[in-house]
Amino acid sequence: MEIKNPFLFFVFSIFSIIFSLVRSGDVEALLELKATIDPSNVLNWKITTDICTWQGVKECNMKGRVTKLVVENLNLNGTLDENALNQLDQLRVLSFKGNSISGQIPNITGLFNLKSLFLNNNNFSGKFPATVTVLHRIKVLVLAGNNLSGEIPPSLTKLSRLYVLYLEDNQFTGEIPPLNQPSLKFFNVSVNQFSGEIPNTLVLSRFNESSFAGNVNLCGPQLHNCPSTSPSYPINPENVSHHKISKKLIIIIVSVITGILLLCILMSIFVVCVRKRRRKSKDGKSKGVEAGGGGGEEGTSGGGGGDGRDGNNGGKEGAFSWDQGSGGLGTLVFCGPGDQQMNYSLEDLLKASAETLGRGIMGSTYKAVMESGYIVTVKRLRDSRFPRLEEFRRHVEIIGRLRHPNLVPLRAYFQAKEERLLVYDYFPNGSLFSLIDGTRANSGSKPLHWTSCLKIAEDVATGLLHIHQSPGLTHGNLKSSNVLLGSDFESCLTDYGLMPFRNPDSPEESGASSLFYRAPECRDIRRPVTHQADVYSFGVLLLELLTGKTPFQDLVQEHGSDIPRWVGSVREEETESGDEPASEEKLGALLNVAMACVSLVPENRPMMKDVLRMIRDARAEAQGSSNSSDHSPGRWSDTVQSLPRDEHLSI
């Protein structure tokens, strides 16, 4: 064959050789790694095939270098080859989770691009891998469930981008470093042998008891076991004597002040009693009427003060003596058996500092930070339609019994007169609305990647189906702001089952976007919400995921049968061109589900169990046909925008 242009042929040959050498570098490194951890030949890695199609190679860059290696739960054993591992210097994500790899974690300073490292649930031993602390791009470090020991190096505080740190279920000793990186959102060092006091940093104070439990010699406000502080200076007999004198003086002063206060209280009670007797003799009031007055005061102190419906009960106290178990009237009632172990009370809740998270048709939502540092979310219902406390209690306890990984659990409730509080777990990672809105704000209205759409859709559908399987329950207010992101970025539904508390006579205060999530037959707030209406809302949520656009307009009425064309045009305009061709089929599967859900005829909409089956089928097909990312739970976070775009997790 005649070569028409020898120069171009020469250039092409040089580039081919360079490209093959670059690729072969990772090939050799992976094969060396396989030789030490895969004696059973589980990994089907063949030099004759493209490295980017190898099992566990989830992503390659434009030059064919491996950037994401995820080999999990394959019963790999042996030890990691340090030299082979450090040759993979383009890795962003490395996971050996759920294997039986042993030995020390090697020096991995060559992985200078690494952002996420998952070595949990193996048999690693030795000390904490101090070399990790020089990898300044590290955001996720998960070493839980191993046999690691020794102290945690103070240099861990230098990882300014650290977002997740899980070290639980090891044998670490010494003190916990004073971690104070603002980026740290997920943290767990439970079940180790740490000692000393938990550092009093702003960041560590955000985490509750579960992050530190199981360390016998560890103390701190989170564990409620802080010892009394002792003097830091040397103790001598003179100091001891002086200390005893000071202590006696303090006791005397406190006793005097206490006596004066008790005297003032007794005198106040005496004055009140005298005034009551005078009032009774003057007005001729009966004891029953006096009891009725007490009921009105209770409603005011409870924060109700609304229309005073319970204050006009003809002097009957029965309206307030509803059964809250052993807690008695006006206490915080915990819903589940495990929830009763929560180390906070109504008094702790009322003394907590509150930050408003949002206001909606059901009431206001607050982030409550207690003095112990424990954080919960409190929803304060307004304009409740239930005049009877017993009816409210029965319905809330039905909601409180729901437990599912994709539902935000209702932990406790409180009611007194017009005051009704619901207590949920606090989710610091924000809502799905924030994720979509953050993506839109940070990247020019770019929709979420289709792998993220699939995972979110499955999570939401799973949670919604669990609600529908509880007799008589619907969500009633499904929208992206009522989908929160959990610790593993799983989607969890909140505000479910609350629509029966909505007062139909109150003015509609939700935004237009909330209105258009609702099925057409339920736009009137007086109409009860059905399972079919929830399915419609789910369909609108899917369209929001696929387009990155909040439904400020009625999608069905405006686009009708042209919704598929509209979704396609939005993604074509607003998604990077290189990603879309491979995902058209997957997006099409989700789009078909959404179109079925937003049918204007309720009877034509599928049931949630069928919706979930279709989504799982689409996701299973995507997992089997794509190597672009890892689809296991918690691994779609490439699109998570809780951090700035250049700082988000690359998992």
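# Questions on a predicted model

Reader: Is Ile257 buried, partly exposed or exposed?
Author: Ile257 belongs to a nonpolar patch on the surface, and its class follows from its relative accessible area, which is 47%. Exposed would require over 50% and buried would require under 20%, so with its 47% Ile257 is classed as partly exposed.

Reader: What is the bridge partner of Ser149 in β11?
Author: Strand β9, residues 147-151, and strand β11, residues 171-174, run parallel and are joined by 3 bridges. Strands of a sheet pair through backbone hydrogen bonds, either parallel or antiparallel. Within β11, the residue that is the bridge partner of Ser149 is Gln171.

Reader: Where does Asn121 lie?
Author: Asn121 has a phi near 60°, a positive value in a residue other than glycine. The relative accessible area of Asn121 is 42%, so this residue is partly exposed. In terms of the chain, Asn121 lies in the loop between β6 (116-118) and β7 (123-127).

Reader: Is Asn41 buried or exposed?
Author: Phi of Asn41 is also positive, near 60°, in a residue that is not glycine. Asn41 has its place in the loop between α1 (6-37) and β1 (57-60). Since the cut-off for exposed is over 50% and the relative accessibility of Asn41 is 54%, Asn41 counts as exposed.

Reader: With the side chain of which residue does the side chain of Glu521 make a polar contact?
Author: Glu521 is found in the loop between α9 (512-517) and α10 (531-547). When its neighbours within four places in sequence are left aside, the residues in contact with Glu521 are Arg527, Ala533, Pro602 and Arg605. The side-chain polar contact, at 2.8 Å, is made with Arg605.

Reader: What distance separates the C-alpha atoms of Asp488 and Phe186?
Author: Asp488 is found in the loop between β21 (483-485) and β22 (491-493), and at 41% relative accessibility it counts as partly exposed. Along the chain, Asp488 and Phe186 are 302 residues apart, whereas their C-alpha atoms are separated by 9.2 Å.

Reader: Is Arg619 buried or exposed?
Author: The side chains of Glu458 and Arg619 meet in a salt bridge, at 3.0 Å from N to O. This pair links distant parts of the chain, 161 residues apart, with Glu458 in helix α8 (residues 450-468) and Arg619 in helix α14 (residues 608-625). Glu458 counts as buried at 15% relative accessibility, and Arg619, with a relative accessible area of 9%, is likewise buried.

Reader: In which helix do Arg613 and Asp610 both lie?
Author: Arg613 forms a salt bridge with Asp610, the closest N and O atoms being 4.0 Å apart. Arg613 counts as partly exposed at 45% relative accessibility, and Asp610 is partly exposed with a relative accessible area of 27%. The two residues are 3 residues apart, about one turn of the helix, and both lie in helix α14.

Reader: To how many salt bridges does the count come?
Author: Side chains of opposite charge can pair when their charged atoms come close. One group, made of Asp26, Arg65 and Asp89, is linked in a network of salt bridges. For the model, the count of salt bridges comes to 13.

Key
Residues numbered from 1 in each chain as written. Predicted model: local features only at pLDDT ≥ 70, side-chain atom pairs only at ≥ 80, totals over all residues. Heavy atoms only, no water. Pairing = 2+ DSSP bridges. Helix = DSSP H or I, 4+ residues; strand = E, 2+ residues; numbered from the N terminus. Buried < 20%, exposed > 50% of the residue type's maximum accessible area, 1.4 Å probe, protein only. Polar contact = N/O pair within 3.5 Å; in protein donor to acceptor, adjacent residues only side chain to side chain. Contact = heavy atoms within 4.5 Å. Patch = residues over 30% accessible without salt bridge, like charges linked within 9 Å, V, L, I, M, F, W, Y side chains within 5 Å. Areas by Shrake-Rupley, 256 points an atom, 1.4 Å probe, with all protein chains shown as cover.
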